[in-house]
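Thanks for coming. I will go through some helix packing, a sheet and a few charged pairs, in that order. Please have the structure open.

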Amino acid sequence: MTIKNKLRSGIGFLFVLALICCGMSIYFLNRLSADAGAILKDNYKSVQYAQSVLTTLDSHTGSFTPEQVKAIDQNMVLQQRNVTEAGEQQLTDSASATYEKLKQPNNTEAVQNQLRSRLHQHLYGIMKLNMDAISRKNDVANATSKRGSLLVAFLGAFLFLVAFSFAVNFPGYIANPIKELTARIKEVSNKNYHQQIHFESDDEFGELGQAFNTMTRKLDEFENSNLASILFEKKRIETIINSMQDAIIGLDEKGIIIFANQVACNLIGMKADQLNGKYAPDIAIENDLMRKLLVNDQAKLRIFADEREGFYSRESLSVSSRDKVIGKVIILKNITEYQQLDEAKTNFIATISHELKTPISSIKMSLKLLEDERIGEVNPEQRQLITNIDEDTRRLLLITGELLDMAQVETGKLQLNFGSTHPQNIVDYAVKAIKFIADQKQVDIKVKCDESLPKVHADLDKTTWVLINLLSNAIKYSHEKSTVELVVKKHKNDEIEFSVTDHGKGIEDQYLPRLFERYFKVPNATSEQSGTGLGLAIAKDFIEAQAGKINVESEIGSGSTFYFTLKRAIAAA
């Protein structure tokens with residue numbers, strides 16, 4: 001039987017005993033209540049009726065008054081209805097007959113006295129008969145009470161003894177095996193695997209003992225397994241690590257080098273036996289690469305090894321056991337080929353973008369000449385074509401400009417001309433540049449820039465370009481005849497914040513983290529709203545190159561707010 005069923009049986013047995021005890025108590029209480037009710041209903045009332053008749057009879061010795069007749073008649077009728085004892089009916093009838101004779105008006109005084117005496121005898125007989133019944137029934141009730149008390153006391157004592165035995169013995173039944181198991185587990189934790197438990201029961205404890213014995217046998221077999229096989233597995237893992245093309249270095253929680261594969265040794269310029277078992281910070285004192293690996297958080301490293309320059313991505317993986325860090329693994333992946341391809345792509349884009357700007361500029365110049373009436377008049381259809389070509393040319397110039405800016409950022413050739421300028425200057429240049437587009441869509445740009453704000457340390461052209469890009473996007477996504485707010489205010493840590501807020505449809509939360517990625521476009525945007533997907537990415541690079549931050553907040557149906565921060569200019573001494 002399982003422990004669960006044993007618990008159910010024991011508790012069920014106690015529950016049944018408690019029910020029996022309660023049932024017996026209720027039964028005897030009902031019996032006592034019934035006996036007491038019988039005494040009160042059957043006998044006490046008869047005594048009361050007879051007593052009332054006697055009292056009324058003795059209240060006047062002469063002829064009966066109407067009040068006496070009424071009271072005696074009423075009590076005699078009630079007594080006739082409450083006859084319960086043997087012989088009581090005969091006495092009641094005799095009393096009624098005597099009373100009827102006594103009411104006759106022609107009785108002599110002697111007859112009346114005789115009849116009164118006889119009526120008294122009958123009524124006293126009724127009272128005595130019922131008093132004897134009350135005494136007899138009271139004895140029965142007392143006997144019932146004693147018998148019930150004995151039975152309930154016996155049952156209660158038996159229930160108490162069973163419950164006490166259960167409370168004393170059952171915890172030991174549960175706790176003793178657990179206590180023994182705990183002691184055995186402590187021995188196992190000390191690597192004493194020769195532990196066996198013998199629970200002589202067919203419940204869960206028996207199964208637990210068998211499982212524990214099996215576990216200790218397996219642990220003992222594992223502890224005494226062939227050490228050569230463990231060393232073989234270690235050697236095989238080392239061989240796998242050494243055969244990998246990536247540089248791998250393993251450290252324990254104290255910073256001791258556990259292993260370093262051949263690729264890592266070649267990059268560091270030291271042999272494996274010079275690295276393994278050594279404290280990594282000690283080696284970093286004389287080895288630049290090891291110092292970079294330990295303290296540098298850059299994801300990309302430029303390393304010169306094997307008489308050539310290579311690019312590697314650095315990853316650091318923490319090794320944990322039971323929520324405790326027991327070491328880490330540093331991996332250097334060779335990304336030289338991908339870096340070369342990326343540079344070739346960037347150079348190609350920069351070259352193509354630069355080469356495209358000249359013919360596009362020539363096209364725009366030709367369009368300006370076509371619009372000049374001195375060259376010749378054009379009809380409305382031709383003017384519409386010129387307008388379309390001019391718009392496409394402007395879009396091409398914007399795209400090539402963004403591609404050139406992106407190429408500068410990726411190649412690290414971004415030139416920043418830092419200076420100290422008031423935020424109002426940046427705002428004025430940006431609003432003036434974007435005013436024509438805003439007027440075409442009837443969008444009002446509300447500017448809030450306090451003149452008391454401090455100057456910022458920034459590249460005026462690059463920062464203005466970023467603000468123009470944010471304003472342009474805000475106008476694109478705004479409804480006609482709406483408002484765009486441009487607010488400049490102090491930010492924490494001596495920074496100045498520029499924010500642009502529109503009241504368009506907003507951007508879904510799932511797209512917000514990707515807005516500043518290259519070539520990312522928000523889905524479901526119209527052709528007029530969609531761009532190259534480079535503007536915000538370049539803006540992010542421009543701002544971060546000036547030690548600033550850029551971010552966005554948006555809510556569907558309420559619009560979006562793009563904001564960036566710039567460092568406050570340090571006042572000249």
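**Helix 13 against helix 14**

Let me start with a contact between two helices: Ile426, Val427, Tyr429, Ala430, Val431, Ala433, Ile434, Ile437 and Ala438 of helix 13 meet Leu460, Thr463, Thr464, Leu467, Ile468, Leu471, Ser472 and Ile475 of helix 14. Contact here means heavy atoms within 4.5 Å. By class, that contact of helix 13 with helix 14 has 14 nonpolar, three polar and no charged residues. For the classes, Ala, Val, Leu, Ile, Met, Phe, Trp, Tyr, Cys and Pro count as nonpolar, Asp, Glu, Lys and Arg as charged, and the others, Gly among them, as polar.

Before going on, the housekeeping. This is a predicted model, in which local features need pLDDT of at least 70 and side-chain atom pairs count only at pLDDT 80 or more, while totals for chains, interfaces and linings use all residues. Residues are numbered from 1 along each chain as its sequence is written, and side-chain values use heavy atoms, with hydrogens and water left out. Helices (H or I, at least four residues) and strands (E, at least two) are DSSP runs, numbered from the N terminus.

Now the geometry. Two packed helices are described by the angle between their axes and the distance between the axes. Helix 13 covers residues 423-440, and its axis comes within 9 Å of that of helix 14, crossing at roughly 35°. Axes are lines fitted to C-alpha atoms, for helices over the stretch in contact, and angles run from 0 to 180 degrees between N-to-C directions. Helix 13 passes helix 14 in a right-handed crossing. A crossing is right-handed if the near helix is turned clockwise from the far one by less than a right angle, and left-handed if anticlockwise.

One residue in this contact is worth a stop. Is Thr464 buried or exposed? Thr464, in helix 14, is buried, at 8% relative accessible area. The cut-offs are under 20% for buried and over 50% for exposed, with partly exposed in between, using a 1.4 Å probe and protein chains only. Leaving aside residues up to four places away in sequence, Thr464 touches Ile426, Tyr429 and Ala430.

**Helix 14 against helix 15**

Helix 14 (residues 460-476) also packs with helix 15 (residues 535-545), at an angle of about 145° and with the axes 10 Å apart. Here helix 14 passes helix 15 in a left-handed crossing. Which residues make the contact? From helix 14 they are Lys462, Trp465, Val466, Asn469, Leu470 and Asn473, and from helix 15 Gly535, Leu536, Ile538, Ala539, Phe542 and Ile543. These divide into eight nonpolar, three polar and one charged.

Next, an open sheet of five strands, in the order 2-1-5-4-3, with antiparallel pairing. Strand 2 (257-260) and strand 3 (300-305) are the edge strands, each pairing on one side only. The twist averages 25° from one strand to the next. Two strands pair if DSSP finds at least two bridges between them. Strand 1 (residues 247-252) is joined to strand 2 by three bridges, and Leu251 stands opposite Ile257 of strand 2. Lys300 stands opposite Ser313 in strand 4. The covered face of strand 3 carries Leu301, Ile303 and Ala305, and the uncovered face Lys300, Arg302 and Phe304.

**Salt bridges**

Last, the charged pairs. How many salt bridges does the structure hold? It holds nine, a salt bridge being a side-chain nitrogen of Lys or Arg within 4 Å of a carboxyl oxygen of Asp or Glu. I will show three.

Asp288 and Arg291 meet at 2.2 Å, N to O. Both lie in helix 10 (residues 288-295), three residues apart, about one turn of the helix. Asp288 is partly exposed at 48%, and Arg291 is partly exposed at 33%.

Lys567 and Glu495 meet at 3.3 Å, N to O. Lys567 lies in strand 12 and Glu495 in strand 10, so this pair ties together parts that are 72 residues apart in sequence. Lys567 is partly exposed, at 33%, whereas Glu495 is buried, at 10%.

Arg568 and Asp494 meet at 3.8 Å, N to O. Arg568 is in the segment after strand 12 (559-567) and Asp494 in the loop between strand 9 (483-491) and strand 10 (495-501), 74 residues apart. Arg568 is partly exposed at 40%, and Asp494 is exposed at 52%.
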